[in-house]
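Visitor: Hi, I've just opened this one and I'm new to it. Can we go through it together?

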Amino acid sequence: MRPSLGLTSGTVGLLLLTPLSVAGGQTATPQAVDAGRALFEASCAACHSLGDERLVGPGLAGIGERRERTWLTGFITAPDRMLADGDTVALQLLAEYQVPMPNLGISVAEAESILEYLATGSSPPTSAQAAEPATSGDAGRGRMLFTGENGFENGGAACMSCHTVDGLGRVGGGTLAKDLTHVATTYGGSLGAVLEATPFPVMQEIYGARALTAAEIADISAFLMDVNQRETARGASPVLFLMAGLVGAVFLLALAGAIWRGRLREVREPLIGGSR
């Protein structure tokens, strides 16, 4: 989820008076659903799909049937508190998806409007962000952003202040956070969404007010995917070399055995013939 939209006092009042479609069995008003749609697109769409597709977090199709309303409201408004309190479901989600859902400061009224929108079974967002194709990134530019050779447009710290990847050579990298060499394997196509959502506390502190641009996210994603591919291939090289060596050894042993049997036959046949 990304930072939530603010709602006017009038909208909040409307949401508080709106019957809940799940709890009350009534259909939400169009205004409440529209407010929920706007909030979802601004705060949730980067990490969650409206269907079953898994992104940074789980798909939200039928979420109102799979989770109790009070649990959903609590988790949307204060996921960090539920994790700290040891909520079983919250801990299971963290173990499965490896990314903690951030506390985005969403109010109870805003959470209810999001749930109203989800309860309508609406189609995926039609916002400009969802409609536009993903920006194609450049691994070279991404490397310079990662190392700080090029600064971020909004002034955020270079990635290598906290992270490192294999292959940086003398440049090295930070050790405050995890090694990102194979992060593309972990997140796959959701890597860009993670960079956009900044779901980790340290990332929120650094980039919360200095968000990365779409082009920067695309470039860093391209760089990390390139690193992942190169280092995975490099790690596989010794294994392939060993396998090739074993195959070669077996072939040589078989060839030697065939030659040896031929020579034995050449020696044995005259001996056997002479003994008759």
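Visitor: Let's start with a detail. How far is the sulfur of Cys-47 from the closest cysteine sulfur?
Guide: It's 8.6 Å away, and the partner in question is Cys-44. That is too far for a bond, because a disulfide needs the two sulfur atoms within 2.5 Å. Bear in mind that this is a predicted model.

Visitor: What is a disulfide, anyway?
Guide: A covalent bond between the sulfur atoms of two cysteines.

Visitor: Is Cys-47 buried or exposed?
Guide: Cys-47 is buried, at 4% relative accessibility. Cys-162 is buried too, with a relative accessible area of 11%.

Visitor: OK, zooming out. What is the secondary structure of the protein chain?
Guide: It comes to 13 helices and zero strands.

Visitor: How much of the protein chain counts as buried?
Guide: Of its 276 residues, 37% are buried. As for contacts with a separation of 6 or more, 64% of them link residues 24 or more positions apart.

Visitor: Let's pick a pair of helices. How do H2 and H7 cross?
Guide: H2 covers residues 30–43 and H7 covers residues 108–119; their axes come within 7 Å and cross at roughly 100 degrees. Angles from 65 to 115 count as roughly perpendicular, so H2 and H7 are roughly perpendicular to each other.

Visitor: Which residues make that contact?
Guide: From H2 you have Ala-32, Val-33, Ala-35, Gly-36, Arg-37, Leu-39 and Phe-40. From H7 you have Glu-110, Ser-113, Ile-114, Glu-116, Tyr-117 and Leu-118.

Visitor: How do those residues divide up?
Guide: Eight are nonpolar, two are polar and three are charged.

Visitor: How far does H2 reach from end to end?
Guide: It reaches 20 Å from its first C-alpha to its last, with 14 residues, and that's close to the 20 Å expected. Its buried residues include Ala-32, Val-33, Leu-39 and Phe-40, and those four also take part in the contact with H7. Glu-41, Ala-42 and Ser-43 are buried as well.

Visitor: Switching to H4: how many of its residues are buried?
Guide: Seven of nine, so H4 is mostly covered. Among them are Trp-71, Leu-72, Phe-75 and Ile-76. The buried residues of H4 pack against H3, H5, H6 and H7.

Visitor: What about Thr-73, buried or exposed?
Guide: Thr-73 is buried, with a relative accessible area of 9%. You'll find Thr-73 in H4, which runs over residues 69–77.

Visitor: What does Thr-73 touch, apart from its neighbours within four places in sequence?
Guide: Thr-73 is in contact with Val-108, Ala-111, Glu-112 and Leu-115.

Visitor: One last threonine. Where is Thr-213 found?
Guide: Thr-213 is in the loop between H12 (201–207) and H13 (214–275).

Visitor: Why does Thr-213 count as buried?
Guide: Because its relative accessible area is 19%, and buried means under 20%. Not counting residues up to four places away in sequence, Thr-213 touches Glu-153 and Asn-154.

Methods
Residues numbered from 1 in each chain as written. Predicted model: local features only at pLDDT ≥ 70, side-chain atom pairs only at ≥ 80, totals over all residues. Heavy atoms only, no water. Helix = DSSP H or I, 4+ residues; strand = E, 2+ residues; numbered from the N terminus. Buried < 20%, exposed > 50% of the residue type's maximum accessible area, 1.4 Å probe, protein only. Contact = heavy atoms within 4.5 Å. Axes fitted to C-alpha atoms, helices over the stretch in contact; angles between N-to-C directions. Parallel < 35°, antiparallel > 145°, perpendicular 65-115°, else oblique. Nonpolar A, V, L, I, M, F, W, Y, C, P; charged D, E, K, R; others polar. Expected span 1.5 Å × (residues − 1).
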